[in-house]
Amino acid sequence: MIYDFFLKITGSNILASIIQSLLPLFIFILPFALFAVWLERKVSAHMQDRLGPMRVGKHGWLQTVADILKLIQKEDIVPNDADKPLFNIAPILVFVGSYAVFAAIPFSGAFIGSNIDLGIIFIIAASGFVVAGILMAGWASNNKYSLLGAMRSAAQIISYEIPTVLVVLTIIMITGTTNLATLSEMQTGHFWNWMIFGGPNFGIAKFIFIPFMIINFIIIYISTLAEVNRTPFDIPEAESELVSGYHTEYSGMKFAMFFLAEYANMFAVSAIVTALFFGGYQSPIGYLGNLFGAHWLIPIEQFIWFTAKGIFFVFVQMWLRWTLPRLRVDQLMAACWKYLIPIAFVNLIIIGLITVL
Amino acid sequence: MALKTEEMILNMGPQHPSTHGVLRLELELEGEIIIGAKPHIGYLHRCFEKHCEAMTYPQVTPYTDRMDYLASMYNEFGYALAVEKLLGIQVPERVEYIRVIMGEFQRIASHLVAIGTYGLDIGAMTPFLYCFRDRERILSLFEQTCGARLLYNYIWVGGLSHDLHPDFINQAKDFIKYFRPKIKELNDLLTNNKIFIDRTANVGILPLDLAINYGISGPNLRASGFKWDIRKDDPYSVYNKFDFEIPIGNGTMGTVGDCWDRYYIRVLEMEESLKIIEQALEQIPEGDVTSAIPKRIKPAVGQVYSRVENPRGELGYFVMSDGSVNPFRVKVKGPSFVHLGIMNELLKGYMIADVIAILGSIDIVLGEVDR
Amino acid sequence: MKEYFKNAWSALFTIFVGMKVTFKHLFVPAVTIQYPDVKLQLPERERNRLYVNMDDCIGCDQCARACPVDCISIETVKGLPGEDLGKTSNGKRKALWVTKFDIDFAKCCYCQLCVFPCPTECIYMTDVYEFSEFERSNLIYDFVTLTPQEREEKKINYAKFEAEKAAAKLAPAAVKPAESKEAPKP
């Protein structure tokens, strides 16, 4: 829809698609990353009885802008013995990986980068792309800490993709679609139509689904947390062990790219959780647009709802981060292979049986 | 043909976020498993013992502060006791009580740092800041009494530099009331957390025989299950007047002498310290704290060894006098230095992430290791 | 099997307990202060930068001797006889001109050992703690109230006085040194 709109204005296919693809970056990812970094600081500060940044702007809300300005000005240091081409490509690759995910995220009924039918599969595939970048960064830095961090990261992201996919499969089984926009559209109406409350179809199956859906939600939330390397799964960049893992040697804007990618990723996984379980961009209580008969308002409202839900889950991620210690590598793997995957499998089978019956 | 593999040498430190100062650990790794560890020390060496030979006896006190900078009060306490033993002077009762109160407050402050940074090493940042918040209150008490927050120069040979602040006793009681619930909160947040337990239980197990062979003392020895506390077993000052327990590790979450035990001993010890402070605040007599300070400290020829239970273990002072105003020799037996010796035994077979957990649980202060 | 579910449950449960604690703290007022804007009330016994009240200083050098790091350096010149150097506030007569009283705060360890021996209580610790400098040499504080010319003058005066005294002593025995030069013989 956005594409059509720009096509009408510009009259050129290429220009319209470029604008459309850049739109999420400039209206969403960058402002969101700036906001999320500020939020992270504030949340952590208040949880720890501190105030956090207070100087730049009211309650320091411009602090991240100042930080980015500082990072842009900084010298770009490349270690002598680094593998330079790989070293330079890695941050871009990581950023591209997390940026590509946004293509298929349905922000609202009218604003979805690319409404592909394989939406959710695409997202999982694209976010797997990040591993390559991280491994490259770790290897090219020629630093033992970076290498250890990168290896941990690769192992972790690949392992945790399995429970994610298993949970996604259960959703696909119930709904029969991999298109995120359709999935969101299905959960329309009020909040009891959300997947976490058993989906839109009324009946006995809906109520049987609820406990399994909650388990599913917990599994996917934990595993996506691990995929974006957040505490308690932040062992690739565990600062007390590996200094800061694969981005130890990066400075200036390249470091900022990693940073940006991390926060973009945080939102991306929250968006997946939202789209799968919490009604996507659907409002839980109905739309003001319908109330006043102003239908143009609905997509905007949807956008706001989606962002709000996403930010709530980002907040929970932060909340967890500032509460929990981190796991060890073997425990991380054990948590995945011994707990998440078997439980996800059992869930998959049970939900499969229920759907068939 | 077998693929040739070799061990990776990883230098942890001296610039590393969690080596608690400037320790350099040379780790031999096979993948993530450690097959050898060699601590390199001396980055913070300040010639404490040599310096003492050029100082007069009171001038040594500020230097002792700078050894174990997280437990300065206790360093002074030990030194003052040693020199008083050498001089053969008796200090007033009130001085002894104030020393005990300060020493126990210092123990809580030091354990708070140990616990907080241990949480930080494991990855939980919030308990660290809670611990520091509470430690600040103790430091404010010290600041009010002697004017300094870290390096006090408060406990002098023969007395104290100042008497207690008039408001001290009330504030100390307030602190005790405030602090008890905070320990519970800490337990909720960190001690009983499943991830924390997984990270620390059954990790870095220190068997009792090994601990005794290596001369480990203090909380680390007690965590291995041996009831040994100089405050009870060789009482100095007025410690025999108080009623308190010596917590020992009993492997609640794993094996006796693992990291979790060493951590939890410190939590329990804070509560015991609170008990001692409470009793001392009740019993404290009136008196003059500066009356016994000798005008000129010139002990007769002789030597003395005196030991105290520092927050980290046995802190011993060997002071030798040649009859002049300067000590002929001041030798310190510091617990951190002794404890660092066990790293190689303790680290073998664990992972890199465990190095941090084990090092943190041993709770060393590099200022005292290097002196 | 029971162990398995117990583990999973305790993990989730303890995480929730921890989250409850941190959530509560979201609404606890901060304990930190906005430092340069708000400053803590310092206790009266605060030990920070030293101050020397030169009106009371008698130049006895006790503080310098008590200092464990030798950051105080004092030089004095004796007053001429009949010259009035004033009195300290506790009634001691001054007898020395203090021509140098430097405290190097880069060295000072704020141990307060110099404060106690002072007979006139003229050296004491203040609550000034913001005195960082870019140049290390700027941390050497000169407390002497005399101007550099006056200091030189005092030194010269005393040297003159000494010389005069020596000359006065020598004058009657001017011949003697010449004799004694030959005195040392093996």
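**Stop 1: where chain A meets chain B**

Select chains A and B together; in this predicted model, 22 residues of chain A are in contact with 25 residues of chain B. To find the chain A side of this meeting, colour helices α6 (144-175), α9 (239-242) and α13 (329-356) of chain A, each of which supplies at least two residues to the side that touches chain B. Which of these elements gives the most? The answer is α9(A), with 3 residues.

**Stop 2: chain A as a whole**

Chain A contains 13 helices and 2 strands. Its radius of gyration is 21 Å, close to the 21 Å that the globule rule gives for 357 residues, so chain A is as compact as a globular protein of that length. Turned along its principal axes, the C-alpha trace of chain A spans about 65 × 55 × 45 Å. Of the 357 residues of chain A, 48% count as buried. Consider next the contacts in chain A between residues at least 6 apart in sequence: 75% of them join residues at least 24 apart.

**Stop 3: a pair of helices in chain A**

Within chain A, select helix α4 (residues 84-101) and helix α10 (residues 252-277). The axes of these two helices come within 9 Å and cross at roughly 20 degrees. Are the two helices roughly parallel or antiparallel? The angle of their crossing makes α4(A) roughly parallel to α10(A). The crossing in which α4(A) passes α10(A) is left-handed.

Show the side chains where the two helices meet:

- On α4(A), select A:Pro91, A:Ile92, A:Val94, A:Phe95, A:Ser98, A:Tyr99 and A:Val101.
- On α10(A), select A:Lys254, A:Met257, A:Phe258, A:Leu260, A:Ala261, A:Ala264, A:Asn265 and A:Ala268.

By class, the residues of this contact between α4(A) and α10(A) comprise 12 nonpolar, 2 polar and 1 charged.

**Stop 4: chain B as a whole**

Display chain B by itself. There are 15 helices and 8 strands in chain B. The radius of gyration of chain B is 21 Å, close to the 21 Å that the globule rule gives for 371 residues, so chain B is as compact as a globular protein of that length. The box filled by its C-alpha atoms, taken along the principal axes, is roughly 80 × 45 × 35 Å. Of the 371 residues in chain B, buried residues make up 54%. Among the contacts in chain B with a separation of 6 or more, residues 24 or more positions apart account for 72%.

**Stop 5: an enclosed helix in chain B**

Select helix α2 of chain B, residues 57-65. How many of its 9 residues are buried? The count is 9 of the 9, so α2(B) is largely enclosed by the rest of the structure. The buried residues include B:Tyr57, B:Pro58, B:Gln59, B:Val60 and B:Thr61.

**Stop 6: a loop residue of chain B**

Centre the view on B:Tyr350, in the loop between α13 (343-347) and α14 (352-362) of chain B. B:Tyr350 has 19 C-beta neighbours inside 10 Å and therefore counts as partly exposed. Apart from neighbours within four places in sequence, B:Tyr350 is in contact with B:Ile34, B:Val203, B:Gly204, B:Val355 and B:Ile358. For a distance exercise, select the C-alpha atoms of B:Tyr350 and B:Gly116: these residues are 234 residues apart along the chain, and the atoms are separated by 23 Å.

**Stop 7: chain C**

Finally, display chain C, which has 4 helices and 5 strands. Read along the sequence, these follow the pattern α-β-α-β-β-β-β-α-α. The radius of gyration of chain C is 31 Å, well over the 16 Å that the globule rule gives for 186 residues, so chain C is more spread out than a compact globule. Its C-alpha trace spans about 115 × 50 × 30 Å along the principal axes. Buried residues make up 17% of the 186 residues in chain C.

Bring chain A back into view: 12 residues of chain C are in contact with 11 residues of chain A. The side of chain C that touches chain A has 7 nonpolar, 5 polar and no charged residues.

Technical notes
Residues are numbered from 1 along each chain as its sequence is written. Chains are lettered from A and ligands numbered from 1 in the order in which they are written. This is a predicted model: local features need pLDDT of at least 70, side-chain atom pairs count only at pLDDT 80 or more; totals for chains, interfaces and linings use all residues. Axes are lines fitted to C-alpha atoms, for helices over the stretch in contact, and angles run from 0 to 180 degrees between N-to-C directions. Angles under 35 degrees count as roughly parallel, over 145 as roughly antiparallel, 65 to 115 as roughly perpendicular and the rest as oblique. A crossing is left-handed if the near helix is turned anticlockwise from the far one by less than a right angle, and right-handed if clockwise. Two residues are in contact if their C-beta atoms, placed from the backbone, lie within 7 Å. Ala, Val, Leu, Ile, Met, Phe, Trp, Tyr, Cys and Pro count as nonpolar, Asp, Glu, Lys and Arg as charged, and the others, Gly among them, as polar. The radius of gyration is taken over C-alpha atoms; the globule rule is 2.2 Å times the number of residues to the power 0.38. A residue is buried if 20 or more other C-beta atoms lie within 10 Å of its own, exposed if 12 or fewer, and partly exposed in between; C-beta atoms are placed from the backbone.
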